[in-house]
Amino acid sequence: MRIMDKTNKIKLKDKKHNSMFFKENLNSMVSATFKEFSKPNTFYEKFKERFVGNSFEKLMKIKNPYLHSFVGKYIRLCNPDRIFVNSGSHEDLKYIRDAAIKYGEERKLKVDGHTVHFDGYYDQARDKENTKILLPEGNNYGKHINWMERKRGLREIHELLKNIMKGKELFICFYTLGPANSEFTIPCVQLTDSAYVAHSENILFRQGYEEFLRRGPNPHFFKFVHSAGELDGRKNSRNIDKRRIYIDLENEIVYSVNTQYGGNTLGPKKLALRLAVNRASKESWLAEHMFIVGISGPCGRATYFAGAFPSLCGKTSTVMIPGGRLIGDDIAFLRKRNGKVYAVNAEKGIFGIIADINSKDDPIIFKALHSPGEIIFSNVLVTEDGEVYWNGKNAPMPEKGVNHSGEWYKGKRDSEGNLIPPSHPNARFTLSLDLLENFDPRLNDPMGVEIKGIIYGGRDSDTWVPVEQSFDWVHGVVTKGASLESETTAATLGKVGERKFNPMANLDFLPISIGKYVKMHLEFGRDLENPPKIFSVNYFLKDKNGRFLTEKVDKRVWLKWMELRVHNEVDAIKTPTGYIPIYEDLKILFKEVLSKEYKEEDYVKQFTLRIPENLAKINRILKIYRGIPDTPEIVFQVLEEQKERLLETREKLGKYVSPYKL
């Protein structure tokens, strides 16, 4: 009865939490769980001898019946031979690092602390086709969201999990998304039979064991179940035809089986982003695929921006800008407090693409990758002496080595006749942010950092100008965030130059309908005293001959201009699509920031309003949203108003309009 009384208090305290889990599953879960947990030593009685060292005692210290019901269920189902509980201590973290070597999932490299992991040859990327949102019967989020009927998905995944860990060791790990003991904090528990996955997560996420101890029987935590499944001789997942990544929104559980690649297995990362977006939609905050970076201003001022960019659109080079203060590169939680917006990085590390990182363009990351420290390289080339090589590294290519295909040599081809590069194009590195020189200690500030600006950027050859500010929050959400597109490149599947619709650069990670997601953003800004200013950037604008109109380093100037704009320290020109910089201000900034002369003719080319291309974009976006039934009406209104402004300007000034005429 004493435990039941605590639960009733929690239910009242957390009344605002509207998860389907609470509504439909709590009663049955409570009755079964409390009955068993009244005698906690008997809860795992059959498996107690399988716990390694004092792991059983560590688990029993957590007084959370919901956790024990979850853990106990999947221990029984997956049936591991050994069970290790990670409390986050130095000894436990070392145990997992050593286990990754012991089980052959990682190998030591020449530099102290560096290891390498190889995924299977056909397990090298996120499996979009088999990553599905599980929805109750009668729900349908449309063609843009990959979903399946919930009951069918749960039956399938539980059948795959049955005895899948027999002969293996289960690692039970606890993390928090966001700093601990904060309004941003989301506790997480990961069950995995991969020491590599556990090791990676220990680098990428904050330890959460103490948070579970502190919260007691609170039921609101994310849950992840992963098994690499049967392994081959290289310790890779053998049954990738049965690779499944299913996301159960009702119980806030992610299942991942028969895969090792991080994008499919690192539960608290992008898999958790789906759960977070779903929870945020019920609690009026935002969970975004965004970086957070502080841009330096006059007199040592630091102004924090959040930004969303699809892949291959300049996100990494933006967050690693010289003089910037790095909070996060991938996932941000945004909340409102006292009429302002604050954000935290959900993570504490980077799982980054390593291709083309070099000492000239990426000096900070390059230095970290060649310095002692805990770093996991995945799917790169390793030479006989333990050196690492990746595609685009400014170093001579080795003649031979070991990579994701096994023993490698120049000219090697796979069974289908494809030439195998020394390093996989999606090869990665995993490191903690504090290994980087531009690391900002406010990463762990439980209050978060105030966000003054939000940036949306895509790969766009002919429409958006290099930098532009929206008129207001609603205009920015609709015409920049919700209208974000990016052109495909030779590095991606599909036709080169094809525009891919990607609202807020988060389409792949949405567990809710696009219309509902856009509405979330619109409503988030309604009661803000001074909402963050919303900007678009485009580093890929070209002239008629296909030449880029800006250089890679120019983004430093666009960021400096945005920093000044959020403080109202520079004026701007109002155009039909937003506010653009004045030439004289950019001329000064180019000189100060890059010691570079900025020509007036370059300014005109870069900031000419391209009306036909802008109209074509609006028509594309309108067509998409007309096919999304729950699109807020304001989306159509804002786009039609922008269309009308462009038509009026074309009537007066022609199709292509110099900024001096606006």
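By class, six nonpolar, seven polar and four charged residues make up the lining of the largest cavity. Here Ala, Val, Leu, Ile, Met, Phe, Trp, Tyr, Cys and Pro count as nonpolar, Asp, Glu, Lys and Arg as charged, and the others, Gly among them, as polar. The model is predicted: local features require pLDDT of at least 70 and side-chain atom pairs pLDDT 80 or more, while totals for chains, interfaces and linings use all residues. Residues are numbered from 1 along each chain as its sequence is written, and side-chain values use heavy atoms, without hydrogens and water.

The whole structure contains three cavities of 30 Å³ or more. A cavity is a set of points, on a 1 Å grid over the protein atoms alone, where a 1.4 Å probe fits but cannot get out; lining residues have an atom within 4 Å of a point. Grid points are joined across faces, edges and corners, and a volume is the space filled by probe spheres set on the points. The largest cavity holds about 150 Å³. Of its 17 lining residues, W464, T577, N614, K617 and Q642 are the closest to the centre. Helix α19 (611-626) contributes the largest share of this lining, four residues. Helices (H or I, at least four residues) and strands (E, at least two) are DSSP runs, numbered from the N terminus.

The second largest cavity holds about 80 Å³. Its lining includes W464 and K617. Seven of the lining residues are charged, three polar and two nonpolar. Strand β27 (485-487) supplies the largest share, three residues.

The structure holds 42 salt bridges. A salt bridge places a side-chain nitrogen of Lys or Arg within 4 Å of a carboxyl oxygen of Asp or Glu. D193 pairs with K168, with closest N and O atoms 2.9 Å apart. Both lie in loops, so the pair ties together parts 25 residues apart in sequence. D193 is buried at 7% relative accessible area; K168 is buried at 14%. Buried means under 20%, exposed over 50% and partly exposed in between (1.4 Å probe, protein chains only).

R215 and E211 also form a salt bridge, at 2.8 Å. They are four residues apart in helix α9, about one helical turn. R215 is partly exposed at 25%, whereas E211 is buried at 4%.

R274 lies in helix α11 (residues 267-283). R274 is buried yet has no salt bridge; D508, the nearest side chain of opposite charge, is 7.0 Å away. Lys and Arg count as positive, Asp and Glu as negative; His and the chain ends are not counted.

Methods: 1 Å grid on protein atoms, 1.4 Å probe; cavity = no way out; pocket = protein on both sides within 12 Å on 5 of 7 lines; lining within 4 Å.
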